[in-house]
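Open the model in your viewer and keep the selection panel at hand. This tour goes stop by stop.

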Number of protein chains: 2
Amino acid sequence: LKRTTSARELLLAIGRGRGPTLRGQLESELRAAIRTGRLPGGTALPSTRALAADLGVSRGVTVLAYEQLIAEGYLTAATGSATRVATRPSHSAAPAAVARSVDAPRYDFRPGLPDVSVFPRRAWLSSLRRVLDAATGDALGYPDPRGALQARTALADYVNRTRATVAHPDRMVLCSGYAQGLRLLAAVLRSRGVRRVAVEDPGHGGQRADLQAMGLGVRPVPVDGGGLQVDRLRRLDVGAVLVTPAHQFPTGVVLAPERRAALLEWAAARRAVVIEDDYDAEYRFDREPIGALQGLAEGAVAYLGSASKTLAPALRIGWLLLPAALVDRVALAKLHADHGSPTLEQLAFADFLERDGLDRHLRKVRPIYRRRRDALLAALKSRLPGLRVEGVAAGLHLMVSLPPGTDEEALADAAMTQSVRIYGAGPHRSRPGPPALLLGYASLSESDIEAGVALLARVLATTASTARPRRARIWDPAERALAARVAADDAERGRQTG
Amino acid sequence: LKRTTSARELLLAIGRGRGPTLRGQLESELRAAIRTGRLPGGTALPSTRALAADLGVSRGVTVLAYEQLIAEGYLTAATGSATRVATRPSHSAAPAAVARSVDAPRYDFRPGLPDVSVFPRRAWLSSLRRVLDAATGDALGYPDPRGALQARTALADYVNRTRATVAHPDRMVLCSGYAQGLRLLAAVLRSRGVRRVAVEDPGHGGQRADLQAMGLGVRPVPVDGGGLQVDRLRRLDVGAVLVTPAHQFPTGVVLAPERRAALLEWAAARRAVVIEDDYDAEYRFDREPIGALQGLAEGAVAYLGSASKTLAPALRIGWLLLPAALVDRVALAKLHADHGSPTLEQLAFADFLERDGLDRHLRKVRPIYRRRRDALLAALKSRLPGLRVEGVAAGLHLMVSLPPGTDEEALADAAMTQSVRIYGAGPHRSRPGPPALLLGYASLSESDIEAGVALLARVLATTASTARPRRARIWDPAERALAARVAADDAERGRQTG
């Protein structure tokens, strides 16, 4: 073994004023030298006395540093012999998987994304300030897994007033966005014996995948101009149904009154749970929003909502309003998942609701979004006059039929070369269907909408149709990129071991 | 069917200045009357003209209200006949499960709870203000599932500096507290073929349950004065091991240097993953904290930390630092679980870290907690001199041996009658072991510690020992209460159907 004798050979340099303490610097330098292999395992270190003299520090510094690194496993000491660098097993560290973020296109027609540039920062900060001023220990310790009582109370009042629900704080569980709420609910339903859930077709592809990931089978039920074809439920052996009654995703239709009644009758007869996804009911431009189904049958409906489409997705504020039989179970599932959502933001949201902040914000954005919808309709009419448009009355996106044989994915790829991101309907269909796009308009200015549609029209004119269009499974670009990297890594490992 | 003819018979009252719009009031009144059964299914409503006249409102109000309630399913209309109240299926709504919060005791010796009354509110609010002032659309849209880049960067710098890790922002995933991080990691390990995980015994009972809930078997490995008995790992067929090397939970011992080396050798030979729970490494009162294992073997160690024990559990800020092969998979699992944690709080945490807010806070609280530890030691010495105390050097709790035969649960119940909450070690043992308590001291004042221990000593003196003490499975009172309610409900349903 090589006998190292001086700080110069160790290439250690420490100095006053360079870091928190001389000892801390010495430890860091030694750790780095050992990690990089510059000091290989087995190397003998100089004595603490010699090193202290070399570095011009007191011997206490070197003694404590060696002790620390012995405790951490970087060095080893044996009585009567030199302190040495510990021999470390070589770990085959794969090169870092650099998870690049997906490049943001100039025109992103992402459906369901509100305009976050109008997020009410000042009001939100004021709410946060009031909450922090008033916060007691309860607000800073481990959260109630259902969410802070004040937040559940303010939310119950809000949904009762604006969504015609029958909500009580004891029936509410706050969660991290709609996505977590659906997963928690799915896990609880499964633990209560539900094995299959009916879903709308077309219907949200991510939610279908969420249900499947939680061990539930999904049974697609067609949607027509009156929403879910409720009569088809009778032929299915399902314990629950996931519906978007106020504004069907992605077609934008409203569940017809007689079907609302039939749906609740079916649920009562089957003792099935109706999962009501009230995802963007606040946006109905030409008349009043339709009240929630939950208000008609609170014992049968598990209602989900979120602030992602009204305020900002980054808040990750969602909620469940549950039948009595489910609320404790969902709360326990929430506790197990993450011990509850962050409390200060819940309290800020409560304060914001109590001061009518959300009403004010919606009054402000509704006309903005309506104008953007009108701009999108006008652009489509002038640039792509042949295409049928659905879902005009409400929401944050339109559904646009494409010429038969159009490959949604090829079109999306071609549009991306023009920095236009569009979203095919394919991932939201359980079975192949006519090609269509979902065009979100809320987060784009009117001139961007016009420019984006002009580019899209040019791309569409040069995209050939095909007899067998590709089918995409995942709609979200971020998820798609991550899943592709994981799949590539799986394949690579398969090659290595196969 | 009864023919209702007037607003007075309907008991409807609306008026100007009582709500947002006359129509909204009318709709709310009708919904409420239908829900409560005051207007039973089939009841015919007066014509819109007659009702408008009765109420003294324009006919437009009644027409639009009826249309709205027809769309929502409260009313039905058939051409040429009166609008009627819809017949609703009766849902056997169980009485609301009133989920009471557990009463807070006067003296709560909860282990691991920091003193949230010293939470740096002003600095945190300043960070939030800066973040909201500077926030771009990226900060308010759908989050990066791994967490905001700025937060991952600040955290990587922080753990590298204070925990001697080898962290890079690309290897970090922010999550909702430690609990979610462990669950995400467990799910990914399972998907990669891991079936069993070694855990410390005693070791955190909640984490053992988390691993099991994610489908992993656990294999307990005894802990002695040098931490995990690493040589016992060789006899086990496990793909990972969960360890608390810097400060073992709950005993408070430090993993001995030679065992650190042996653990990493074992992991390299088995290609196993070391899950390093660095839960309260920041609190070491008598010397420097021990650096993380991760810094010695970044390719083999999945490192978890959180702000719950340094700042406040309510923030729900936790993080994972992962080997390259796991990071995309954990990010995808995080996306599926909840689409990422709230962004604004991550950015506030980044700002807080960048300004050395956490260092400053820890410098402030460490001496406070040390004094409280000393107060607890003094109180135990004077009131309960016979009991052996462990885990003194670090952390936020002590472990106190109880006289043989003491029933931890009976003692805890008796203490609660004196408004003292104590925590038995039982839920953290894989096998029955000698009775002991975990006494957290960080969130109690010195005088409360003295008073609480005095009460505890009195209770202990009157608690009889037993040959077969009860064993508790769940340590957390909130979880215990929820789980008990769910179990009682299950039993009730079993009786009803059985």
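In which kind of contact do the side chains of D144(A) and R146(A) meet? Select both: they form a salt bridge, 2.9 Å from N to O. (A salt bridge is a side-chain nitrogen of Lys or Arg within 4 Å of a carboxyl oxygen of Asp or Glu.)

Before moving on, note that this is a predicted model: local features need pLDDT of at least 70, side-chain atom pairs count only at pLDDT 80 or more, and totals for chains, interfaces and linings use all residues. Residues are numbered from 1 along each chain as its sequence is written, chains are lettered from A and ligands numbered from 1 in the order written, and side-chain values use heavy atoms, without hydrogens and water.

Now colour the pair by accessibility. R146(A) is buried at 5% relative accessible area; D144(A) is partly exposed at 24%. (Buried means under 20% relative accessible area, exposed over 50%, partly exposed in between, with a 1.4 Å probe and protein chains only.)

Go to chain B. Select R373(B) and D374(B): their side chains meet in a salt bridge of 3.2 Å, N to O. R373(B) is buried at 5%, while D374(B) is partly exposed at 37%.

Next, select R383(B) and E450(B). Their closest N and O atoms are 2.7 Å apart, in a salt bridge. R383(B) lies in helix α13 (357–383) and E450(B) in helix α15 (446–461), both of chain B, so the pair ties together parts 67 residues apart in sequence. (Helices are DSSP runs of H or I, at least four residues; strands are runs of E, at least two; both are numbered from the N terminus.)

Last stop: helix α9 (205–213) of chain B. Its buried residues are G205(B), Q207(B), R208(B), D210(B) and L211(B). Just after α9(B), G215(B) takes a positive phi of about 90°.
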